[in-house]
Each structure stands twice: as C-alpha cells, then as structure tokens.
Amino acid sequence: MSLAWSFYIATVLVYLGVDLMACWGLNLQYGYTGIVNFSFIIYQAAGAYTAAVLTLGPQTAGSFQQYVGGANLPFPLPVIAGGIAGGLLSAVVGVIALRRLRSDYQAMVFLVISLIATAVVTSDVGLFNGPAGLSLIPQPMSTALNLSLVGYRWFYVGLTAVICLIVYAFVWRITSAPLGRSLRAVRDHEQGAAALGKNVTGLRMTSFVVGGVIAGISGAVLVEFISAWSPGAWLYQETFVLFAAVIVGGTANNAGVALGALLVPVAFLEGSRFLPQFGPPGLIDALQWVAVGLMTLVFLWFWPRGVLPERRRIIQLPGQQQARTGLQRPVDYEKTAETR
Amino acid sequence: MTSVQRQRASSAAQAALLRVDDLAKSYGGVHAVAGVSFDVPRGRITGLIGPNGAGKSTALAMVAGAIKPSRGSVLLNGTNVAGWPSHKIARRGLARTFQQSSDFSGMTVTENLLTAPYGQRGDTLRGALLGRRYWRAEQESLTARAADLIERFDMARMANEFAGTLSGGQRRLLEIMRALMTEPEILLLDEAMAGVNPALGARIEDYLLQLRQDGLTMLMVEHEMSVVERLCDPVIVMAQGEVLAEGTMDQIRSDHRVLDAYLNG
C-alpha cells in the first residue's frame, strides 16, 4: 500500500469513527426517543470549537485569528470539554424546544436554530472569527510522539476507536436499561407514557442532552484531527447526512445505525470521489446532496425500518413455554438486551 | 343538617376515592364541561355515560391531567390534583386507558408491561449507567408480575409480539394490563369496549368484574348500555357538559331528563 493510500484510509477511518459516534447520538434522540433533531450538527460544532480553543492556547496579541477562552489543556480534556459544551448547548435549546411543542413543530424549531446559528457565527466576526474560523489547531500528543505524518494518522485512528468504544458502551447502557424502554415509550405514545407516570419532558431532555454530549465529543475528535474549524463545515445539510445514515441503517438499532454510518457518509460520499468528473465544476457535489435526499426518501417510503430494523426484544417469562418466532430464540431476561 | 345526615355525608366522603367538584373546561366561549361534580366510590365501577359531545371524555381527561381544567377541583384520596401534569397524577395511583389505544407499538407486549411501573431503578440516567447489576433483580420481579398478568389475561401467545401487530381488542386488553402493572388505586377506562369483537368484549367484562372483586376502583366512560348495566353502579349521566342524573341504572332509566337528553342529543 502506497503512503498516499495509507494516509487516505486512515483519514477515512477517523471520519467513520466520528460519524459512528454522531449517528449513535442522533439515534438516541431520533431512533429511541423520537426527537427529530434537525440541529444536531450545531452541538457537534460547539464541541469542536470548544476543543479547538482549549488546545490552541491563550490568544496572543496580534494573532491572525481571534477566539474566546483560549487554553492549552492536555489531550483528553479538550474532548471532554467538547462533550460538556455540546451537552450545555443542547440543554439550552432543549429547554426552549422540547416543552409544549409537538414533535413536527420541534423539528422546524431545530432546523431554524441550526440556520440561525450558522448565520450568526458567520456574520459576527468578533464572536468566533467569522467564516475563517480557526486553524493551526495542534494535534494531540503529536510533538510528544514524534511520529511520521502517516504514522500519526494511524495513531489517531486507534485513539478514535477507543473513544468510539467508550461512547458505544455509554449508549448501550442507556438503551439496554429500563431507561431505554421508557425513551421508546415516549417515542411510541407520549400521552400513554405520561399516563404511566413517565416525565415525558424530562426523558426527552435526558436523551437530547446525552445526544448533545456525544455530538460534542464527536466534533472534538474531528477537529483535533483536521486541525481546523470553520462554520461553513457545519451546515444543516450535514445533519441530513446523519439522518440518512440512521434511517438507511435502521432507527433504534445501534448496530444498524453503525452500518448506516458506514454506508452513507463513508461508502457513498467518499465513494463518489472516485467517479469520473463530468459536467460543470461542483456538479458532483451538488448531486451528492440530491442523492442523499433521494436515498432518505426511498428508504422512508419502501424500507422505513432500514437495512437492520429495530429488533424484537424477546423476554422469556418464568414458567411459560414460548414458541420460537423466526430466527429469534427466547433467552433469559438478563441476556436479552441488545442481542439480535 | 341533622347529625345522621352529617354522619352519612362524612362516610360518603371517606368512601369516595375520587371526588370531582365543579370541574369545568371552556374553549373560548364553548363550555365543553360546565362545572361537574361527582364522587367515585371506592371498590366499585362508576359509569359515566351520555350522548356524544356530552363532555365525558373531556371530564375524564381533566381528572387524569391530560387536559388542564378551567376551574374546579379533583380530590384524589383527599389531595387536590386538578391541573397537575398527568405523570404526577399517575404517580398518585391513578391509571387510565385511552379512547384511541395508546400501546407502544414498537415494543412487545411484555415490554409494554415492563415499561409501566414508575420509579424503576434502571429508569434514570444514573441507574442505567450503573449497569445491569444495579437493576436486574428488580426487572426479574417485574417480569414475574408481567408473566402473572399475561397468564391471567390469556395473552401468553402474544407475549413476545409487537404491540403494533395486535388486534384492536387485544390492544384494549394490553392497555388495561399495562395500567394494572402500575398497581393503581383507581383505573379510568375511556370506552374500553369500543371496536372490540363481542367475544373479546365479554372477556374484558369478566376481567373488569374480577378486578372489582379484587377491590379496584374504576371510572368508565362507555357507550354500550348493556355493558354499563352489567358492570356499573353508580352511573353518572352527562349531557351538554353537565351532570344530568346520578344513581343506579334503574333509577337512571326512569329519569325523564335522561331520556330527553338521549332522544334530543
């Protein structure tokens, strides 16, 4: 394998890790809780920005870029702070959007919030340095490790994999616990859940903020890798790529969603790089968006449950023989959660 | 008021698990419910009947907290819960079923039941993150309770089917079972027999009678008079947002105001 390929593959793998985390976070909100969060990308962006400024170090006079709250924290801290920033921002947005509104109106509010956020950050240069954003963000541990360019990329792949595993374990604990069931109850019938004593707004907030934390972490992992942050890279369209991944893969199925993250943002969007160029410049990019939109529509129409649909969680009841249904065999309760 | 009357009144208050007083809901100038008062005695099935648009379901929804009343009080075990959000009322021991079934369609029958009890150990973020060891024992005992209900309601065949694949009648049954999982003091039923085939309807009736024998208090809105006749005592008749009459089915039947309301309603 040539160095260029090795470099490219490592880069794609890091992107895959970032998308995996983002899709699990969005799946928690949309797949499990039914929150149509069209503003997902801004929590990712907030996490990325936070991690960036906490890595860049304090701002020096006459620097070519301006930012808020610069510091020079050692590696895992900027990522953790990114998660906190994503969580805090989603808590603020959640308080406004998740109470009282019906879910279709919530979706509109989220989309509008995403558009407003981009407009404000891009226009007000004094705030986050406008469209130029941030650059030259030091990569974590790069000086200490002193690896080659490609070697460092592969090191970062490992780092991303570890963070991915932690995020997955976190999501899995929630979705396999009674809490995961309550979230799905809210998704399936809000009033029915409330009539059972479930605090619907509280459950939605929990899912929304945890999703926001995961979004923030994923953004932080990405920005530490690519060393740059600009508002133009975090537009609302990116949220729809993640939605496409969740819908194609299979909502409320963490494995399905992982497959979706592999299929849509990675296999499909990266794969289209290798198409022969045709038409005016930018045509292929534009067609990508069209294709992502069409893919979402086609799946919602024909396979609304995705490639790997939400699984049926078989629970063996004490003292009862149950017929085998399809390929799924009854198992003990303790073994049920999240096994296919 | 004589001392005997006073004594009777106070024992009636003790017997009433739910006491609704001057409960009203208006939308703009329209009075959906124009100040109704009634008692739901402990351990009995109280019927709430009336022509379409009488305000029965609105009254029930206000009692359960799904609709905020414009005025009035709802005393549940002596606490005024009027205007509380439904989850807080539910935690006080009031369970309900809905006119349109409210099953969690993407979950199996067993999961629907396991979801129901409030305050499970693994139902908070902290509990969930603490992991299986923290909440497994409780889940096992809930699973046993669910298994008992499934057996009692003869739903074993459907236990691991998605609720969304059940028939209309089975969904009604599931809703009742789910409400029972919360071990309520009072169960509100909003047209539990609507759209249910006669055989299953008869079964639901039997179950409700059994539950009454077990001491469960119920308040049911029902259109099918024969069902009301067999199950309910007392019966409250509503028309045009007001309580028209109250009493046993025999008393109600001979009340000319009730006949007028049904014929003119």
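**Helix packing, chain contact and domains in a predicted model**

In this predicted model, helix H11 (residues 236-249) of chain A packs against helix H12 (residues 254-271) of chain A at an angle of about 125 degrees, and their axes sit 7 Å apart. Since angles of 65 to 115 degrees count as roughly perpendicular and those over 145 as roughly antiparallel, H11(A) is therefore oblique to H12(A). The crossing of H11(A) past H12(A) is right-handed. On the H11(A) side, the contact is made by Val241(A), Ala244(A), Ala245(A), Val246(A), Val248(A) and Gly249(A). H12(A) brings residues including Gly256(A), Leu259(A), Gly260(A), Leu263(A) and Pro265(A). Sorted by class, this contact of H11(A) with H12(A) holds 12 nonpolar and three polar residues, with no charged ones.

Next comes the contact between the two chains. Chain A puts in 34 residues and chain B 46 residues. On the side of chain A that touches chain B, at least two residues each come from helices H7 (149-176), H8 (178-188), H9 (190-194), H10 (200-226) and H14 (333-336) of chain A. H8(A) gives the most to this side, with seven residues. The residues on this side of chain A split into 14 nonpolar, 11 polar and nine charged.

Chain B itself is divided into domain 1 (15-103 + 168-264) and domain 2 (110-165). Their C-alpha centres lie 27 Å apart.

Conventions:
Residues are numbered from 1 along each chain as its sequence is written. Chains are lettered from A and ligands numbered from 1 in the order in which they are written. This is a predicted model: local features need pLDDT of at least 70, side-chain atom pairs count only at pLDDT 80 or more; totals for chains, interfaces and linings use all residues. Axes are lines fitted to C-alpha atoms, for helices over the stretch in contact, and angles run from 0 to 180 degrees between N-to-C directions. Helices (H or I, at least four residues) and strands (E, at least two) are DSSP runs, numbered from the N terminus. Angles under 35 degrees count as roughly parallel, over 145 as roughly antiparallel, 65 to 115 as roughly perpendicular and the rest as oblique. A crossing is left-handed if the near helix is turned anticlockwise from the far one by less than a right angle, and right-handed if clockwise. Two residues are in contact if their C-beta atoms, placed from the backbone, lie within 7 Å. Ala, Val, Leu, Ile, Met, Phe, Trp, Tyr, Cys and Pro count as nonpolar, Asp, Glu, Lys and Arg as charged, and the others, Gly among them, as polar. Domain bounds come from an automatic or database domain assignment.
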